[in-house]
Structures are given as structure tokens and as C-alpha cells.
Amino acid sequence: MGIHGLAKLIAEVAPGAIREQDIKAYFGRKVAIDASMSIYQFLIAVRQGAEALQNEEGETTSHLVGMFYRTIRMVENGIKPVYVFDGKPPQLKSGELEKRSERRAEAEKHLQEAQQAGEEAGVEKYTKRLVKVTPQHTEECKKLLRLMGIPYVEAPGEAEASCAALVKAGRVYAAATEDMDCLTFGSPVLMRHLTASEAKKLPIQEFHLQRVLQELELTWEQFVDLCILLGCDYCESIRGIGPKRAVELIREHKSIERIIQRLDTHKYPLPENWLHKEAQKLFLEPDVVDPHAVELKWSEPDEEKLVEFLCGEKQFSEERIRGGVKRLSKSRQGSTQGRLDDFFKVTGSITSAKRKEPQAKGSAKKKPKITNTKGKKGK
């Protein structure tokens with residue numbers, strides 16, 4: 001779910017924090033990708049009955065189709081992707097997961113009704129709502145990435161938090177996900193639409209945290225409080241307080257604690273047993289991989305094993321898979337040249353690398369809690 005309405009709010013009150021780019025602009029960039037979010041996108045992108053959605057045994061294969069071809073597209077454009085997989089969700093997220101189960105049950109009911117009524121649009125709508133990334137989907141995608149020579153990391157907790165840690169440590173340029181809470185975890189740069197279907201022709205959106213803080217006139221800690229007020233996966237929000245009101249309250253009172261002291265709780269009743277402090281800690285001190293201990297290595301794809309896996313086990317077209325492998329190998333050979341700005345210090349301006357951005361006041365960041373869990377190496 002991420003943060004309710006954060007992208008829209010930033011577009012309205014901090015538009016200078018957003019930059020749109022073509023995928024070609026990322027030649028030579030290393031990017032950490034939220035794997036579970038990408039797999040989910042791939043699963044819902046192919047409609048029921050479409051080619052390559054399932055193999056002869058009825059197993060879903062659209063996640064493999066998406067992972068294979070969109071990863072190749074990234075590499076062809078000079079991007080060095082590293083996928084980050086979710087670990088164990090924090091206990092605080094159990095309430096959100098329970099709500100998702102309830103929504104799935106409701107979607108199943110509506111799906112049956114749509115099927116009985118012969119409503120194709122309703123069937124497609126509710127079928128997509130029932131899509132879920134399973135452990136099998138995850139393990140198959142990890143196997144595919146190993147055979148493609150693409151590195152991946154297994155996060156101890158939320159993938160978005162470890163993506164953010166990799167960006168903050170300078171190991172990658174940006175975190176790619178559709179979930180805006182990657183910014184709340186402190187990622188300096190968030191990319192959206194990187195793994196979207198090429199047919200949609202969506203420009204890649206970059207959200208720059210430093211500019212968000214500057215234009216909102218908030219510290220990172222205050223921004224985290226704002227995101228909790230907007231609504232996150234870890235606790236409820238205060239009913240009746242919308243995005244613009246939330247910004248006003250944070251700007252005026254500087255913290256959730258001070259807002260609570262001055263808030264008319266008859267008009268805006270607080271959630272029962274509100275766990276906002278626990279949510280603050282999860283965002284400010286997340287459980288992440290040690291970004292400096294992770295080895296990011298991109299290697300040659302194993303063509304024969306890819307054919308064995310995708311064609312032998314999953315019944316993909318051998319001609320197409322071999323063609324894809326050749327594209328991948330050719331792209332790797334042509335992307336060894338580094339970016340010019342890798343050799344110089346970049347000041348981080350949104351509009352120009354030559355113009356230095358002013359520092360946001362009071363935006364000192366706390367260091368995340370580091371775990372010794374080491375990401376798996378690409379093979």
C-alpha cells in the first residue's frame with residue numbers, strides 16, 4: 001500500500017521534487033528494485049487467457065515473462081538492476097495484512113457474482129484484486145535472476161527499507177518501486193514506472209527526498225510524521241485529517257506528539273491504541289541489510305540453463321528465449337562504459353548537475369539499524 005496519497009500531495013505542494021525521465025537517461029546507473037512489487041506488476045499485467053500466462057500444467061508464468069523481458073529492456077538501456085526481496089514483515093504490519101485478507105475475501109465474492117452475470121470487466125477487475133505473490137513466484141524469479149547473471153538481495157525486513165539503505169550508502173543511484181514509503185524510509189531518490197509495461201509509454205518519475213523536504217519545509221523526522229498522518233501500513237491514521245490539513249498541522253506543531261496535545265479529539269478522535277511511535281521507529285530505524293557487505297556482481301547469463309528452465313520446465317518458446325539471451329549478452333558487452341558523472345562529484349540539483357542545491361534545515365538523518373544479514377550474490 002505504501003503511503004496514502006503521498007505522490008499526489010508531492011505533485012501539488014512540492015512539484016520541484018519530481019523529474020520525469022526517459023529510460024535512456026539511466027545509462028550506467030545501478031538501481032535497486034523492489035522485487036515483490038515488480039512481480040505483482042508482472043502478474044496483473046497479463047490478462048487471463050493471454051499467451052504465456054500459464055504453461056501446459058496450468059502454472060502461472062507471467063511473472064517470469066515480465067522479469068525476463070523487462071530486465072533485458074533495462075540492461076539494453078545500460079541500467080544495472082539489483083532486485084531486493086522482502087524478508088519477514090514487521091509485527092506492526094499484521095493489521096494491514098489482515099485487512100488485505102478481508103479485501104481478498106470480498107473480491108472473491110464479487111468475482112463469483114461477475115462470473116455468474118457474465119460481466120467481463122468485473123471479472124477482470126476482481127481477478128486482478130485476487131493476485132498475490134506467492135513463495136513459489138519468488139523462488140522462481142530468484143532462480144531466473146541467477147541464471148540471467150543479475151544480482152539480488154534478500155532483505156531481513158521490508159524490501160523498500162533495504163532499497164533505501166543501498167541508495168543512502170551510494171551503492172546504487174535510486175530505489176525503483178511504486179510504493180512511496182521508500183521515501184519515508186529515507187531513500188534520496190525514488191523511481192516509479194521503471195518496470196511498467198513498455199506499451200503504457202509511462203515516463204519514469206524521479207522523486208527527490210531532499211527537494212521534498214525543502215519545499216515542504218520539513219525535516220526527515222517531520223516528514224515521517226506527515227506520512228504516518230497520511231496513512232501507512234503500520235498504524236491507522238486520524239480520521240478526518242486529509243493530506244493538506246496534515247501538512248498544515250506538521251508545519252505548525254512540528255511533531256505528532258505536539259499535534260495530539262493541541263488537537264480537538266472530539267472532532268478528530270485518535271485511533272484506539274494508536275501505535276504511531278512504533279511506526280516512527282520502524283521508518284527511522286528500519287531493519288536493513290548492511291549495504292556495504294552486499295556484493296553486487298553482474299555476470300554472463302547461462303543460456304543453456306535458461307533454456308532448460310524456461311523452455312523445458314515452463315514451455316516458453318526456445319527461439320524467443322535464445323533471442324532474449326543474445327540481447328542480454330550483447331547489452332552487457334556494450335554497457336561497460338561508465339557514466340561521466342561517476343568520475344566527478346555531482347551536487348545533486350534536480351534541474352542541473354551544475355547548480356548546487358541548498359541544504360534543508362534540520363534534515364539530519366538518523367542511521368538505520370543494521371543487521372548482519374548478507375544479501376545473496378548474483379551468480
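**Figure 1. Surroundings of Thr138 in a predicted model.** Apart from residues up to four places away in sequence, Thr138 has Ile39, Phe85 and Val133 as its contacts, where contact means heavy atoms within 4.5 Å. Thr138 belongs to helix H6 (residues 135-148); helices (H or I, at least four residues) and strands (E, at least two) are DSSP runs, numbered from the N terminus. With a relative accessible area of 15%, Thr138 is buried, given that buried means under 20% relative accessible area, exposed over 50%, and partly exposed in between, for a 1.4 Å probe and protein chains only. Phe85, one of the contacts of Thr138, has Lys142 over its face, at 5.2 Å from the ring centre; a charge sits over a ring if NZ of Lys or CZ of Arg is within 6 Å of the ring centre and within 35 degrees of the ring normal. Residues are numbered from 1 along each chain as its sequence is written, and side-chain values use heavy atoms, with hydrogens and water left out. Since this is a predicted model, local features need pLDDT of at least 70 and side-chain atom pairs count only at pLDDT 80 or more, whereas totals for chains, interfaces and linings use all residues.

**Figure 2. The open sheet of seven strands.** The strands follow the order E1-E7-E6-E5-E2-E3-E4, and their pairing is mixed; two strands pair if DSSP finds at least two bridges between them. Strand E1 (18-21) and strand E4 (152-154) stand at the edges with a single partner strand each, so one side of each is left without a neighbour in the sheet. From one strand to the next the twist averages 25°, with axes taken as lines fitted to C-alpha atoms, for helices over the stretch in contact, and angles running from 0 to 180 degrees between N-to-C directions. E1 pairs with strand E7 (residues 204-208) in the antiparallel sense, over four bridges, and Glu206 in E7 is the bridge partner of Arg19.

Figure 3. The structure holds five aromatic pairs; rings of Phe, Tyr and Trp (its six-membered ring) pair if their centres lie within 6.5 Å, and planes under 30 degrees apart count as stacked, over 60 as edge-to-face and the rest as tilted. One of these pairs is formed by Tyr26 and Tyr173, which are tilted at 50° between the planes and lie 6.3 Å centre to centre. The pair links distant parts of the chain, 147 residues apart, with Tyr26 in the loop between E1 and strand E2 (30-34) and Tyr173 in the loop between helix H7 (159-168) and strand E5 (174-176). Tyr26 and Tyr173 are both buried. Over the ring of Tyr173 sits the charged end of Arg29, 3.9 Å from the ring centre. Ala25 is also found in the loop between E1 and E2, and at 33% relative accessibility Ala25 counts as partly exposed.

**Figure 4. Helix H7 and its packing partners.** Nine of the 10 residues of H7 are buried, so this helix is largely enclosed by the rest of the structure. Among the buried residues of H7 are Glu160, Ser162 and Cys163. The buried residues of H7 pack against E2, strand E3 (80-85), E5, helix H8 (181-184) and strand E6 (189-192). After H7 comes Gly170, whose phi is positive, near 80°.

**Figure 5. Helix H10 and the largest nonpolar core.** The largest nonpolar core has 103 residues, of which Tyr83, Leu194, Phe223 and Leu226 touch the most other members; such a core is a set of buried Ala, Val, Leu, Ile, Met, Phe, Trp, Tyr and Cys residues joined through side-chain atoms within 4.5 Å. Helix H10 (residues 220-230) gives the largest share of this core, eight residues. Beyond its neighbours within four places in sequence, Phe223 is in contact with several residues, including Leu6, Leu183, Leu209 and Val212.

Figure 6. Asp225 lies in helix H10 and is buried, with a relative accessible area of 5%. Not counting residues up to four places away in sequence, Asp225 touches Ile250, Ser255, Ile256, Glu257 and Gln280. Phe283 is linked with Phe185 and Tyr234 into a cluster through ring pairs.
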